[in-house]
Each structure stands twice: as structure tokens, then as C-alpha cells.
Amino acid sequence: MAETFDADVIIAGAGMAGATLALALKSAGLEPLLIDPVVFDDQLAPTFDGRASAIAFASFRQWRTLGLAAEIEPYAQRIEQILVTDGFSPGAAARAPTPFYLRFDSAEIADRSEGEPLGYMMENRRTRAALAAGVGRAGIRVEAPARVAGVELGAGGASVTLEDGRVLRAPLVVGAEGRGSVVRKATGIGVTGWDYPQTGVVATVRLARGHEGVAHEYFLPGGPFAILPLTEDRASLVWTESRSKAAALNAASPQAFHAHLQRRFGEFLGAATLDGPVFTYPLSLQLAERMTAPRAVLLGDAAHGIHPIAGQGLNLGLKGAAALAQVLVEAARLGEDIGSELVLERYARWRSFDTVMLAAATDVFTRLFSNDNPVLRLARGIGMSAVNRIGPARRFFMEDAGGATGDLPRLLRGEAL
């Protein structure tokens, strides 16, 4: 590392994608530096992030390869089946035959996935704790609490100015600090996107009956309602509603919220008891016009923020971290300038098409399934029924959701860099 640089790569944002990238780079001998406005201890509090995320089995392999197995596996719930129902009550396809449902079963692809489930459900705070432990063990430098005030990109490197006046330099700066990315703004990279007339209501519940590793998603006029299995027979609910209804739910008393919840939830898993606070998140699509600029690259929500309907937002960031780490490590081993446009273009070519296509697909799904138009309901029901009856199509969707299709980075294949 040149004496004039503080690190090989400065990563603005120590969230799940940024911390994963730092661990991947460090594992291969590069020196990353993380900057975040929030110290790790505060990120682990139950009130900081109440969401849980579906982790593709390929993304899970990456964390195992980076040495996080001991921290993540006790809190990871295997998803053995996914049941998608187009109806007004959850679990309809489990109770009574109906042509308009989809059932995905991990047993169908066990021979191709080495026995992996369809994915894993993990509470975000547990994932953050695992990553924080890994970053600490690896001796990665973390500046927190610290906020990026400005970024200057020059021919010889990137300079990051913190709000306290300190200036840090590296050949490359990564913007992984979310949708309001300072790094992205400094590069002049624009964004395209729009807000959805929806809000995500997120809560954790304890179930009276065991969920058996089955994830349920069913579609309502206001948007999807997902019941996602967690450890200890709990579930994460992702309840999409119109903004006005979501605001009313957020302001409701615990008793009133529970009454609404039970009405929506139904009885097929018994009573659901609220376990922790309720969180609300506005929903929107935001896509950066480019993923790279000279001496800068975007990762995670700084590059792409998508609707949670397919549960792929975090996985998109984790796949990006694996690809970016591989590109940078291979360039460094060849003696190339890792911040050069030539190197960064390899990452952009690798990830841009997949990113745009997934963002477009989630937008189409959101518009198709968040309404009660009888023609569209019939069309999507027929489509679901067709996919459900075609084994190869069903298996492709399962493998794709598990992150096992396409040109996979080595970390997603479980191979060290």
C-alpha cells in the first residue's frame, strides 16, 4: 500500500453489504477502511432495524466462506418451502385445493444445491452482529461514528473528507451508505425511480403452532402480505399497505394493532402474538444511472433500492459485494490500479444487466399483484398455475432465487478469493 494512502479501499457505509465487502477484501490481503455514522453497537439494538431478510443460499455460502458460520448459523432459519397464494386469506393453498397458487419445495433442487434450503431467514440485527464480530476479528479499521462530508476524485486517488475535518485517501472509494449516498452525489451519478403508494409494515410475532420452515406470501389489493419463518417458531411479517392505512396501523394501540393483525393473519398457524416493536418503511424504486465513476463505485442501496416483494434487495447487494471483491482482488494480484476505470468497468459489466433486470421485474410484479383488477387477477392466477405445473420452470425459479444461476462470483460458490 502506498504511503500516501490510508487504505486500499475506503468503504462509506458499514451496513450489511459494505461490511461483507470489507471482510472479502481483507480475506484476500487488501486493506479496507469502513466509515459509518452509527457505531456497530448501536446497529445491533432491536430498535435500530426491525426487519428480517431472506438470504439466498449462495449469499449464505459467502458468509460461511468468510468465517461467519459460528455467528450466523444459530440465528438462521431454513426456508424449506415457499407457498404463494393469490387470495384473501393466508395459507389457502395449504388448506384447500385451488389452482391459483405456487409451491416451491427445497427437496426438488436438493441434488443441485447440495441439500441447501431455498434460503434462510435472519433478523437484520443478528446479521449485523455477525458482521461486526467478523470485522473485529479481522482487524479492519472502522471510523464510527463518522460521517462523510465530501469526496474528491482525482487521477491519483480518492480523498474522503469527514465532518470533523479529517481527510482519508485511497485508490478507490465505495459508496455503500444507502439511498442518500454522499459518494454517489459526489460522482455526479444520477438516479431514476419513483415512490410506490405503499408503506411496508414490519413486525415480529410468536406463533401458536410451528411454521415448519414454510414461508407464506399472499396478495391483496393493497400489496403483498408475507409470513416469513424465524427461529424459535417466530415469524417476520411484511405487511404492505397504502400509506394512510400503514400510518393508522403504526399509530394504533398494541391491542388495536393485534386485532388488525389477527384478522389479516388468519388462524392457520394459530394465534400470533406481537413480539417487539412495529416498524414502517416507505417503499420506492431507485436505480443509479451508472454503477461506477473514476475512482468510485456504488454498492447496495446506493446503487439500487428495490421493492421487497421478491425479497431480493439485500441479496443483490451481497452478490455485488462478492463480484466487486473478486474484480478488485484479481486486479491487485496482476499489479493493476484497482481504482482505474478499466478495472471498475469489469464490475459494471458483470453486475449492471442483472441489477436492471431484477429492478424491472420487481416493479412489474408490484404493479401486477398490488391491485384487485379482476382481469389481472385472472391473468396472474393462470400464470402462477402454469409455473406450478411445469417442473423445470419451477426449479429454475427456485435456483434463481437461491442465487445459484448465472456467472457466480467465487465467494457465492463457497470458494475463497
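In the predicted model, the protein chain is built from 14 helices and 21 strands. The chain has 417 residues, and 54% of them count as buried. When contacts between residues at least 6 apart in sequence are considered, 73% of these contacts join residues at least 24 apart. The accessible surface of the protein chain amounts to about 17100 Å², and carbon and sulfur atoms account for 55% of that surface.

Threonine 187 belongs to helix H8, which covers residues 182-187. The relative accessible area of threonine 187 is 17%, and the residue is therefore classed as buried, since the cut-off for this class is under 20%. From this position, the side chain of threonine 187 reaches the backbone nitrogen of isoleucine 189 at a distance of 3.2 Å. When residues up to four places away in sequence are set aside, threonine 187 touches Leu153, Arg290, Ala293 and Ala296.

Leaving out residues up to four places away in sequence, glutamine 262 is in contact with Gly270, Ala271 and Ala272. The C-alpha atoms of glutamine 262 and threonine 273 are separated by 8.7 Å in space, while the two residues stand 11 residues apart in sequence.

The backbone geometry was examined next. Most residues other than glycine have a negative phi, and most peptide bonds are trans. The peptide bond that leads from alanine 144 to proline 145, however, is cis, with an omega near -5°. Proline 145 is located in the loop that connects strand E8 (141-143) with strand E9 (148-153).

A positive phi is found at aspartate 233, where the angle is about 50° although the residue is not a glycine. Aspartate 233 is placed in the loop between strand E15 (223-230) and strand E16 (234-242), and with a relative accessible area of 33% this aspartate is partly exposed. Arginine 295, likewise a residue other than glycine, has a positive phi near 75°. Arginine 295 also lies in a loop, the one between strand E19 (292-293) and strand E20 (296-298). The relative accessibility of arginine 295 is 7%, so this residue counts as buried, whereas aspartate 233 is partly exposed.

Finally, the second largest pocket of the model was considered. This pocket holds about 180 Å³ of space. Its lining is formed by 14 residues, of which Pro46, Glu123, Arg125, Thr204 and Asp275 lie nearest the centre of the pocket. The element that gives the most to this lining is strand E13, which spans residues 191-207 and supplies 3 residues.

Terms used
Residues numbered from 1 in each chain as written. Predicted model: local features only at pLDDT ≥ 70, side-chain atom pairs only at ≥ 80, totals over all residues. Heavy atoms only, no water. Helix = DSSP H or I, 4+ residues; strand = E, 2+ residues; numbered from the N terminus. Buried < 20%, exposed > 50% of the residue type's maximum accessible area, 1.4 Å probe, protein only. Contact = heavy atoms within 4.5 Å. Areas by Shrake-Rupley, 256 points an atom, 1.4 Å probe, with all protein chains shown as cover. Polar contact = N/O pair within 3.5 Å; in protein donor to acceptor, adjacent residues only side chain to side chain. 1 Å grid on protein atoms, 1.4 Å probe; cavity = no way out; pocket = protein on both sides within 12 Å on 5 of 7 lines; lining within 4 Å. Points joined across faces, edges and corners; volume = space filled by probe spheres on them.
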